[in-house]
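I opened a new notebook page for this structure. I wanted to look at one strand and then at the pockets.

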Amino acid sequence: MSAVYRIATIPGDGIGVDVTAEAVKVLDAVLPNIEWTEFDWSCEQYLRTGAMMPADGPARLAVFDSILLGAVGFPGVPDHISLWGLLIPLRRAFGQYVNLRPVRLLPGTESALRGRGADDLDILIVRENSEGEYSEIGGTHNPGRPDEFVVQESIFTRTGCERIIRYAFEQAGRRGRKLCSATKSNGLIHSMPYWDSVFERIATEYPDVQTRQMHVDALAAEIVLHPDRLDVIVGSNLFGDILSDLAAAVTGGLGLAPSGNIAPGRETPSMFEAVHGSAPDIAGQGIANPVAQILAGAMMLDHLGESAAAEAVDRAVCDVLGKGEVLTPDLGGTATTAELGSSIAERAASLVG
């Protein structure tokens, strides 16, 4: 029997609640020794209390082995409130400087790109997750006056750039040995030339990895026109965010895309979540696709060292979707969220049994 894992769940808002329940169901089917603790931190709590989570929220989560986070967002709460009140503080409190976003075309699904199959669409995006363009430094000046202006600073430290780029090289070494860096050094005169210089220096440590550097706009076009040329992409906080959503959209949609906020050393908990939003308009209707959250759970198992259980979940998702009999409406079926989750759980249990 493996060690007991203490996992915190934060279902969040909208369909985050619906799909997190299914992810828990699937993970319990392959790994019964998980102790779950749920926290009701959400936009609805913000509307009640004025805070997305308690002031000691990070301290309360620090004792857990990992965190499974549902989607966050609710009408009446601006996105910057929900993100900076919960998600971003947790990423930074636990040193989750890697945002790992695998995007691929799953069996039984179709790409938005004509004539593209699974062999063409399998990209791993490594996004810097703690600094870059998502900085708190800045502010509004001369508010309400004709000369009002805002300042938003980007922060690129040597440590921050080196560690995320080196992590991406390590991932490329394990996969197809191709790494593309997203830049915009023709327009951003300080930050991106610095990013490029760090990338070029670290590249000398990995002579077996084939490298490219592309301006982010050209790279966006490459994802659409020639995704088969891409394997691992590394980008700053903003560029990685945008490119990963684009890549997920062309490989079947955000409802199929998981992600992990990784603290590589495992001294602190990492946090796993679906890429999609909270979709409050369909919450509680039983039609949300739980696959992205289930695959985020598989990423969590793999991070915890439970590779066999993670592989069982991943294979179960592929088997159920490939069979095409139990699909939610977004995938062309009539199954409910719970029915798809149960089918994946049953298949996953059979693979570890």
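I began with strand E3, residues 66-69, and found both of its faces covered. Ser66 and Leu68 are buried on one side, and Ile67 and Leu69 are buried on the other. I keep in mind that this is a predicted model.

Next I looked up the partners of E3. Strand E1, residues 5-10, pairs with E3 in the parallel sense over 4 bridges. I noted Leu69 in E3 as the bridge partner of Ile10. Strand E12, residues 270-274, also pairs with E3 in the parallel sense, over 4 bridges. There, Met271 in E12 stands opposite Ile67.

**The largest pocket**

I then turned to open space. The largest pocket has a volume of about 670 Å³. It is lined by 28 residues, and Leu100, Pro102, Leu124, Met299 and Asp302 are the closest to its centre. Which helix gives the most to this lining? I found that H9 does, with 5 residues. Strands E4, E5 and E11 and helices H5, H9 and H10 each supply at least two residues. I sorted the lining into 16 nonpolar, 5 polar and 7 charged residues.

**The second largest pocket**

The second largest pocket holds about 560 Å³ of space. Its lining has 28 residues, with Leu83, Leu87, Arg101, Asp241 and Val275 nearest the centre. Helix H4, residues 79-93, brings the largest share, 7 residues.

Definitions and conventions: Residues are numbered from 1 along each chain as its sequence is written. This is a predicted model: local features need pLDDT of at least 70, side-chain atom pairs count only at pLDDT 80 or more; totals for chains, interfaces and linings use all residues. Side-chain values use heavy atoms; hydrogens and water are left out. Buried means under 20% relative accessible area, exposed over 50%, partly exposed in between (1.4 Å probe, protein chains only). Two strands pair if DSSP finds at least two bridges between them. On a 1 Å grid over the protein atoms alone, a cavity is a set of points where a 1.4 Å probe fits but cannot get out, and a pocket is an open set with protein on both sides within 12 Å along at least five of seven lines; lining residues have an atom within 4 Å of a point. Grid points are joined across faces, edges and corners, and a volume is the space filled by probe spheres set on the points. Ala, Val, Leu, Ile, Met, Phe, Trp, Tyr, Cys and Pro count as nonpolar, Asp, Glu, Lys and Arg as charged, and the others, Gly among them, as polar.
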